[in-house]
Amino acid sequence: GGGFDTVARVLADRMRPILGQSIIVENRTGAGTRVGTQSAAKAQADGYTLMIGALSNMAINPGLYDNLPYDPIKDFKLVGMAVTWSYTLVARKDLPMKDLKEVIAYAKANPEKLTYASAGMGSGQHIASAVMLKLADAKVTHVPYRGSQDAYQDIFGGRVDLFFDISSAAKSQVDGGTVKALAVSSKERQPFHKDVPSVFETGVAPLDMESWFGLFAPAATPEPILVKLRAAMAQVMAMPDVQELFAKSGGQIPKGTPAEQEAKVRSDIERWTKLIREAGVKGD
């Protein structure tokens, strides 16, 4: 039900008739996405084993782990990007500060007094908060949970102050009034949160973070197979129902050719590896 699974099922359901092949979605979990990613990297490069790659396993993990069992650039070829989601920084409803500027000002004056939740060490939620706070030069206590639902329960109960969750999940909580939105992680405001500023816009930190999801193949996959897969992927991403489905959850369809999108992946790997190491964040 998370981002990986959702994107995989949307693509699989619509690529089946185009390719004339059954497509099985396998959630191979473990070790913070490393198990499934390594498995895909070592798979036979015949076009029959593909992987959903995202900011987390392709661009964040290289900064978190010193001995990553796969190379996101050397081991994979991009078939195409599917969707990007921002992160939304939410706060418990009764947090006294009215906006992010006040939160950061309080955190600087009272180091470690405020708390922020994450879905676990090294998760996207953790990285979004840790990097923002490092850039803002503010200290807030990290409280890791075993997943987003556990984190929300403590946000609702007022036991933790802040949570930087993927916007597709945070949107329902913001719309339902169970939390208040302070900022989004993307450089620009998001269409579904038009009244919520970006962190960049507030001036507290030059954060620009969006979690993208795409379809990847093992690097040795022959070019004719990649061409066929890319054509099928492009056909799916042009479908109005797919675009509407992602838009409803706050997702945006990435623009650009496969070469331009691949350059974006490489750029994000370099940028996030540097930012994560500067922030001193390590995976479990």
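Aspartate 137 sits in the loop between H5 and E4, where helices (H or I, at least four residues) and strands (E, at least two) are DSSP runs numbered from the N terminus. Its phi is near 60°, a positive value in a residue other than glycine. With 65% relative accessibility, aspartate 137 counts as exposed; here buried means under 20% relative accessible area, exposed over 50%, and partly exposed in between, using a 1.4 Å probe and protein chains only. Before going further, please keep in mind that this is a predicted model, in which local features need pLDDT of at least 70, side-chain atom pairs count only at pLDDT 80 or more, and totals for chains, interfaces and linings use all residues. Residues are numbered from 1 along each chain as its sequence is written, and side-chain values use heavy atoms, with hydrogens and water left out.

Because 11 of the 13 residues of H5 are buried, the helix is largely enclosed by the rest of the structure. Among the buried ones are Gly124, His126, Ala130, Met132 and Leu133. Its length holds up too: at 1.5 Å a residue, H5 should span 18 Å, and its end C-alpha atoms are 18 Å apart, which agrees. The expected span is 1.5 Å times one less than the number of residues.

H5 (residues 124-136) also gives the largest share, 4 residues, of the lining of the second largest pocket. About 320 Å³ of space lies in that pocket. Of its 13 lining residues, the closest to the centre are Ala130, Leu133, Lys134, Ala138 and Lys139. On a 1 Å grid over the protein atoms alone, a pocket is an open set of points where a 1.4 Å probe fits, with protein on both sides within 12 Å along at least five of seven lines, and lining residues have an atom within 4 Å of a point. Points are joined across faces, edges and corners, and the volume is the space filled by probe spheres set on them. By class, the lining has 7 nonpolar, 2 polar and 4 charged residues, where Ala, Val, Leu, Ile, Met, Phe, Trp, Tyr, Cys and Pro count as nonpolar, Asp, Glu, Lys and Arg as charged, and the others, Gly among them, as polar.

The largest nonpolar core has 74 residues, and Leu11 and Met132 have the most contacts inside it. Strand E2 (residues 76-92) supplies the largest share of this core, 10 residues. A second, separate core of 11 residues includes Ala117, Ile155, Val160 and Ala170. Such a core is a set of buried Ala, Val, Leu, Ile, Met, Phe, Trp, Tyr and Cys residues joined through side-chain atoms within 4.5 Å. Leaving aside neighbours within four places in sequence, leucine 11 is in contact (heavy atoms within 4.5 Å) with Ile52, Ala82, Leu215, Met233, Val236 and Met237.

Valine 103, in helix H4 (residues 100-109), has a relative accessible area of 1%. Not counting residues up to four places away in sequence, valine 103 touches Leu95, Met97, Leu114, Leu162 and Leu182. Serine 211, in strand E7 (residues 210-218), is buried at 4% relative accessibility.
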